[in-house]
Amino acid sequence: MPGLGVDISNYTGSITGEQVACLRERDIVFVVIGLQDWEVAMSQEKTAKRGGLQTQRYATRPQQIVGRDFIWLDVEEGCITSSSELRLAAELCESQGVPWGIYASASSWARYMGDNIDFKSQPLWWAHYDGIPDLVAGWEPFGGWEKPTVKQYRGTTVVCGVSVDLNVR
């Protein structure tokens, strides 16, 4: 489904129902929640769902893969940084029946995965900080993907008192 979204992490901390309502008033329809701290993430997810936001998760390490909800595997510095680590994370998702996709910028993909196109059939959450909430503005293919599924178009921003990154799908 198209729409605007945000992603948050353990650094965001807890969010309130009022903040979620404020996000919805600004046409935010989805939130992607980082799994760096399980308790924080589950609290964020519960509040977001209660407020009517669609939720997904992202993992920076294979050991964070739990549950059955869609999960993005984070390919960037300090996260998943090799094809073997990405394959392990993908295998964990598949063995647990967890649908998954990949979060990466063109530069992080090139740095850590090289010219690997093995994952091109998975959805791509593309990090491209151009400030333009248009899914394909600035798109240049990499990793075998023809187009992204989600675009992260702005990094750390405060919206409704919540520290977020801004996304569009």
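Predicted model: local features only at pLDDT ≥ 70, side-chain atom pairs only at ≥ 80, totals over all residues.
Residues are numbered from 1 along each chain as its sequence is written, and side-chain values use heavy atoms, with hydrogens and water left out.

**Stop 1: the cavity**

Select Val-6, Ile-8, Ile-15, Val-20, Leu-23, Val-31, Ala-48, Leu-53, Val-162 and Val-164, and you have the lining of the largest cavity. Two or more of the lining residues come from each of strand 1 (4-8), helix 1 (17-25) and strand 8 (162-168). A search of the whole structure finds one cavity of 30 Å³ or more. On a 1 Å grid over the protein atoms alone, a cavity is a set of points where a 1.4 Å probe fits but cannot get out, and lining residues have an atom within 4 Å of a point. Grid points are joined across faces, edges and corners, and a volume is the space filled by probe spheres set on the points. Helices (H or I, at least four residues) and strands (E, at least two) are DSSP runs, numbered from the N terminus.

**Stop 2: the barrel**

Now switch to a cartoon view and follow the strands. Eight of them close into a barrel in the order 1-2-3-4-5-6-7-8, with mixed pairing. Neighbouring strands of this sheet are turned by 30° against each other on average, direction ignored. Two strands pair if DSSP finds at least two bridges between them. Axes are lines fitted to C-alpha atoms, for helices over the stretch in contact, and angles run from 0 to 180 degrees between N-to-C directions.

Helix 2 (residues 38-50) lies across strand 1, strand 2 (28-34) and strand 3 (54-59), and runs at about 160° to strand 3. Helix 3 (residues 83-96) lies across strand 4 (71-74) and strand 5 (100-104), at about 165° to strand 4. Contact means heavy atoms within 4.5 Å.

**Stop 3: strand 7 and its partners**

Select residues 150-159 for strand 7, which runs parallel to strand 6 (residues 124-127) and is joined to it by three bridges. Within this pairing, Trp-126 has Lys-151 as its bridge partner, and Ala-127 stands opposite Gln-152. Strand 7 is largely enclosed by the rest of the structure, because seven of its ten residues are buried. Buried means under 20% relative accessible area, exposed over 50%, and partly exposed in between (1.4 Å probe, protein chains only).

Val-159 faces Val-162 of strand 8, and the hairpin has two residues between the strands. Click on Cys-160 in that loop: its phi is positive, about 60°, although it is not a glycine. Most residues other than glycine have a negative phi. At 19% relative accessibility, Cys-160 counts as buried.

**Stop 4**

Jump to Asp-27, in the loop between helix 1 and strand 2. Its phi is near 70°, again a positive value in a residue other than glycine. Is Asp-27 buried or exposed? With a relative accessible area of 54%, Asp-27 is exposed.

**Stop 5: the loop between strand 6 and strand 7**

Pick out Ile-132 in this loop. Ile-132 is partly exposed, at 41% relative accessibility. Beyond its neighbours within four places in sequence, Ile-132 is in contact with Ala-137, Lys-151 and Tyr-153. Glu-140 has its place in the loop between strand 6 and strand 7 too, and is exposed at 60%. Its C-alpha lies 8.3 Å from that of Ala-106, 34 residues away in sequence.

**Stop 6**

Finish at the largest pocket, with a volume of about 340 Å³. Of its 19 lining residues, the closest to the centre are Asp-7, Ser-9, Tyr-58, Thr-156 and Asp-165. A pocket is an open set of points with protein on both sides within 12 Å along at least five of seven lines. Strand 8 gives the most to this lining, with three residues. By class, the lining has eight nonpolar, seven polar and four charged residues.

Definitions and conventions. Nonpolar A, V, L, I, M, F, W, Y, C, P; charged D, E, K, R; others polar.
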